[in-house]
Amino acid sequence: MDKVEKKRLIKSLLSGGLTKKQRREFADLEPVDIEIRKQWDESGNSLVNMEIKEQIWKKVKNRCECKKRNQVPVELRWYLVAASLALLLIIGGLWMNTEEKGMQNEYIKIVAVQNELYILPDSSKVWMKKGSSIQYNKAFNEQRDVWLSGSSLFEVTTQNGHPFRVYIQKAMIEVKGTCFDIHQDSEMKKNEIILYNGKINFTPENNEEIEMSPHQKITHYIEKREILKENIKNMDWEDGKFYFKELPLPQLIETINTMYNSHIRLKVNNQVIKSAFTGNIRYEESLEEVLHKICYSLDLNFQNQDNELIIYK
């Protein structure tokens with residue numbers, strides 16, 4: 001069983017996606033039995049959160065009753081496999097998504113019904129885009145981990161001894177106390193991270209961490225396993241606003257398309273293409289409001305044509 005198939009099987013197992021027959025076949029595999037014994041024997045590892053271990057073990061015992069000593073029924077073995085693999089995810093650092101965290105019910109989930117600001121228990125700010133969501137442990141000040149779906153901008157407060165981590169699709173960001181923007185595009189299968197100030201380490205799955213400095217951008221192409229790192233200019237963030245200074249029009253539209261997951265197309269001559277925008281965009285502004293502001297500033301127009309936004313002269 002190769003690594004990809006193993007991870008697929010783990011996800012299916014923990015999310016309840018295997019049939020009863022598949023569960024029995026999986027539980028009877030000799031390597032699974034060895035792995036179960038090995039993990040539970042060694043689970044005193046200091047890296048393991050013992051409360052989580054106890055939650056998993058109690059869940060197993062509550063759902064399974066073994067009436068015969070020295071005999072483990074197939075269904076009990078299946079629950080042991082699930083518990084063992086859950087510990088493996090914690091110990092081994094495999095990437096957990098929100099479905100895989102279903103065995104732990106001490107989490108808070110916030111879904112943004114519009115562009116809004118959410119303040120975490122440690123006073124860190126999350127400027128959430130409409131439709132995005134975050135999930136974090138109730139004991140957040142002890143374990144500052146956030147699982148992000150969608151796009152949001154983070155302003156993180158520094159707490160010595162308590163690192164702040166953001167988990168996104170196929171990657172993790174460790175924060176040192178800083179301000180950065182995350183855009184996840186599930187259709188294009190890419191992540192974009194822009195750092196405005198402070199310091200972060202970006203770690204894609206199965207790869208080495210990359211340190212980012214202020215005014216740098218990383219584009220992570222997930223399927224291609226390619227990472228593009230570049231410097232950004234003419235753009236900043238402060239107090240809920242993006243600030244642009246003489247930002248070229250094509251670059252501005254590219255930025256807006258990323259921010260709003262839109263598909264704006266320029267239909268202008270070469271002279272207008274050379275135009276540059278100076279101004280600010282509030283985080284809560286709608287796409288229509290932003291387009292009105294840009295077009296008014298640069299003496300342009302926009303229209304919706306065949307479900308496509310077009311900016312023209």
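Is Arg 265 buried, partly exposed or exposed? In this predicted model, Arg 265 has a relative accessible area of 36%, and because that value falls between the limits of 20% and 50%, the residue counts as partly exposed. The side chain of Arg 265 meets that of Glu 308 in a salt bridge, with an N to O distance of 3.2 Å. Since Arg 265 belongs to strand S17 and Glu 308 to strand S20, the pair ties together parts that lie 43 residues apart in sequence. Glu 308 is likewise partly exposed, at a relative accessible area of 27%.

In soluble globular proteins, nonpolar side chains tend to be buried together. Here the largest nonpolar core has 31 residues, and Phe 242 and Ile 256 are those with the most contacts inside it. Among the elements that give two or more residues to this core are helix H6 (249-260), helix H8 (287-298), strand S16 (241-248), strand S18 (276-282) and strand S20 (308-312). The surroundings of Ile 256 can be followed in detail: leaving aside neighbours within four places in sequence, Ile 256 is in contact with Asn 261, Ser 262, Ile 264, Ile 281, Leu 287, Val 290 and Ile 294.

In strand S3, Val 126 stands opposite Tyr 118. Strand S2 (residues 116-119) and S3 (residues 125-128) run antiparallel and are joined by four bridges. Five residues lie between the strands of this hairpin, and Ser 123 takes a positive phi near 80° there. S3 is also joined by four bridges to strand S6 (residues 152-155), again in an antiparallel arrangement. In that pairing, the bridge partner of Lys 125 is Glu 155 in S6.

The charged contacts remain to be considered. The whole structure contains eleven salt bridges. In one of them, Glu 284 pairs with Arg 282, the closest N and O atoms being 3.0 Å apart. Glu 284 is partly exposed at 44% relative accessibility, and Arg 282 is partly exposed at 32%. In another, the side chains of Glu 285 and Lys 293 meet at 3.0 Å, N to O. Salt bridges that share partners join Arg 282, Glu 284, Glu 285 and Lys 293 into one network. Within it, Glu 285 has a relative accessible area of 4% and is therefore buried, the limit being 20%. Lys 293, at 26% relative accessibility, counts as partly exposed.

Notes
Residues are numbered from 1 along each chain as its sequence is written. This is a predicted model: local features need pLDDT of at least 70, side-chain atom pairs count only at pLDDT 80 or more; totals for chains, interfaces and linings use all residues. Side-chain values use heavy atoms; hydrogens and water are left out. A nonpolar core is a set of buried Ala, Val, Leu, Ile, Met, Phe, Trp, Tyr and Cys residues joined through side-chain atoms within 4.5 Å. Buried means under 20% relative accessible area, exposed over 50%, partly exposed in between (1.4 Å probe, protein chains only). Contact means heavy atoms within 4.5 Å. Two strands pair if DSSP finds at least two bridges between them. A salt bridge is a side-chain nitrogen of Lys or Arg within 4 Å of a carboxyl oxygen of Asp or Glu.
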